[in-house]
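Please look at the structure on the screen while I describe some of its features.

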Amino acid sequence: MSGPRTQALPFSLSVTMASCPTAFFCNHAATAAPWSSSRTGTRRSFCRRSSVKTTINAKLDQKTSLQYKKLGDSDLVISEITLGTMTFGQQNTEKEAHEILSYAFENGINALDTSETHPFPMKKETQGSTDRFISSWLKSQPRDKVILATKVAGYSETASYLRDNATVLRVDAANIKESVEKSLKRLGTDYIDLIQIHWPDRYVPLFGAYSYDFSKWRPSVPFVEQLKAFQELIDEGMVRYIGVSTETSYGVMEFVHAAKVEGLPKIVSIQNRYSLLVRTRFEIDLVEVCHPKNCNIGLLAYSPLGGGTLTGKYIDINSEAAKKGRLNLLPAYMERYNKSIAREATIKYIETAKKHGLTLVQLALGFARDRPFVTSSIVGATSVNQLKEDIDAFLLTERPLPPEVVADIEDIFKSYKDPPMF
């Protein structure tokens with residue numbers, strides 16, 4: 001494989017294990033030690049080593065290379081763009097997927113994100129195609145140069161096809177182990193760098209729900225039990241680190257507290273939606289757990305282009321680009337978009353981008369890139385040209401965005417706070 005991925009990492013970074021002296025629940029140095037690896041048979045075993053300070057230097061100019069950050073308390077040093085892959089097997093053929101993967105890794109991206117539920121939308125007939133496309137590409141790549149993140153499904157009464165013998169999916173030991181073993185087989189690898197709980201086992205308002213419904217509370221798998229299941233997989237060398245996705249501040253802190261009290265693995269990341277159009281919930285609540293002095297949870301911000309909304313293609317919902325877009329794959333998505341003021345907000349952001357000589361994509365990705373609590377933005381693309389535009393937006397848009405651009409963004413935000421509920 002050619003390009004920056006075969007060179008020294010294009011950044012200068014002092015990597016230090018974070019501790020949380022000001023927070024009891026997040027004072028987790030003992031349970032968050034980094035991992036060193038060695039091969040033993042067909043499995044990879046990971047041995048704890050003491051916390052050390054490591055300085056990594058490189059000479060490449062940050063303006064022409066992606067930047068890299070440590071993911072939470074892990075020793076994973078991740079590119080500021082993570083490649084999202086949920087279109088592989090639905091909107092993209094295997095050949096197209098390989099072209100997109102190769103372009104990504106030849107241009108500095110070193111992480112990809114998948115899930116046992118992919119491709120999107122979830123269907124029994126196509127489930128697993130994304131992983132199989134990744135697997136066939138991964139065979140020709142040096143495995144230790146790829147940060148591979150995937151997910152185990154949360155509670156579901158409709159996706160039992162993901163398991164051999166289940167009527168309801170739960171995040172318990174049996175489901176977690178079966179999920180990981182099947183993911184390893186599909187992906188053709190013997191370890192996963194980051195396994196994430198795709199959505200919680202307990203009831204939380206998801207998939208367009210606007211508020212918490214007390215009547216929907218149900219008993220859930222205890223946080224400690226979930227962590228113990230992951231601990232077993234870490235001990236067996238199947239998994240390196242664990243994280244959560246679509247989680248609440250309550251859930252994050254319960255996981256952190258359980259890890260602290262029981263001496264279990266601490267979550268190192270949270271994957272949540274974050275963009276110009278979806279900010280409020282994270283910025284006034286979950287952002288606090290990302291601070292290095294608190295819990296040091298790394299944010300993997302997915303959908304920084306708002307499901308394609310922030311490319312501008314849905315301004316004309318009858319255009320060919322809109323018809324091929326994600327919002328049209330599920331009628332409920334487009335319905336929520338049409339009933340919101342997302343279109344109106346997007347027009348305002350287009351005007352602001354033009355005012356400052358930017359494209360809407362540059363404005364949106366530059367905004368996500370510059371947020372101090374974002375470790376990496378998960379960017380998906382259905383073509384190499386789309387991915388090139390996204391990478392160029394990170395590299396060529398002034399870093400950070402000028403104060404006057406940020407001020408105009410904030411003015412719009414005051415009038416259009418989180419218009420879509422995707």
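In which loop is Pro400 found? Pro400 is in the loop between helix 11 and helix 12 (403-415). Helices here are DSSP runs of H or I with at least four residues, strands are DSSP runs of E with at least two, and both are numbered from the N terminus. A cis peptide bond joins Arg399 to Pro400, with omega about -10°.

The model is predicted, so to speak of local features we need pLDDT of at least 70, and side-chain atom pairs count only at pLDDT 80 or more, whereas totals for chains, interfaces and linings use all residues. Residues are numbered from 1 along each chain as its sequence is written, and side-chain values use heavy atoms, with hydrogens and water left out.

A cis peptide bond also joins Phe120 and Pro121, where omega is about -5°. Pro121 belongs to the loop between strand 8 (111-113) and helix 2 (129-138).

Next, the backbone at Ser303. Its phi is near 60°, a positive value in a residue other than glycine. Ser303 lies in the loop between strand 13 (298-302) and helix 7 (320-323). Is Ser303 buried or exposed? With a relative accessibility of 7%, Ser303 counts as buried. Buried means under 20% relative accessible area, exposed means over 50%, and partly exposed lies in between, using a 1.4 Å probe and protein chains only. Asp418, in the segment after helix 12, has a positive phi near 50° and is buried at 17%.

I turn now to salt bridges. How many does a search of the whole structure find? The search finds 22. A salt bridge is a side-chain nitrogen of Lys or Arg within 4 Å of a carboxyl oxygen of Asp or Glu.

One of them pairs Arg202 with Glu247, whose closest N and O atoms are 2.5 Å apart. This pair links distant parts of the chain, 45 residues apart: Arg202 is in the loop between strand 10 and helix 4, and Glu247 is in the loop between strand 11 (239-245) and helix 5 (249-262). Both Arg202 and Glu247 are buried.

Another joins Arg371 and Glu283, with 2.8 Å between the closest N and O atoms. Because Arg371 lies in the loop between helix 10 (360-370) and strand 14 (374-380) while Glu283 lies in helix 6 (residues 280-290), the pair ties together parts that are 88 residues apart in sequence.

Lys388 and Asp392 also meet in a salt bridge, at 2.7 Å from N to O. These two are four residues apart in helix 11 (residues 384-396), so about one helical turn separates them. Lys388 is partly exposed at 38%, and Asp392 is partly exposed at 22%.

The largest nonpolar core has 87 residues, of which Leu112, Val180, Val252, Phe282, Tyr349 and Leu387 touch the most other members. Such a core is a set of buried Ala, Val, Leu, Ile, Met, Phe, Trp, Tyr and Cys residues joined through side-chain atoms within 4.5 Å. Apart from that core lies another, of 12 residues, including Ala111, Ala149, Leu300 and Tyr302.

Thank you for your attention.
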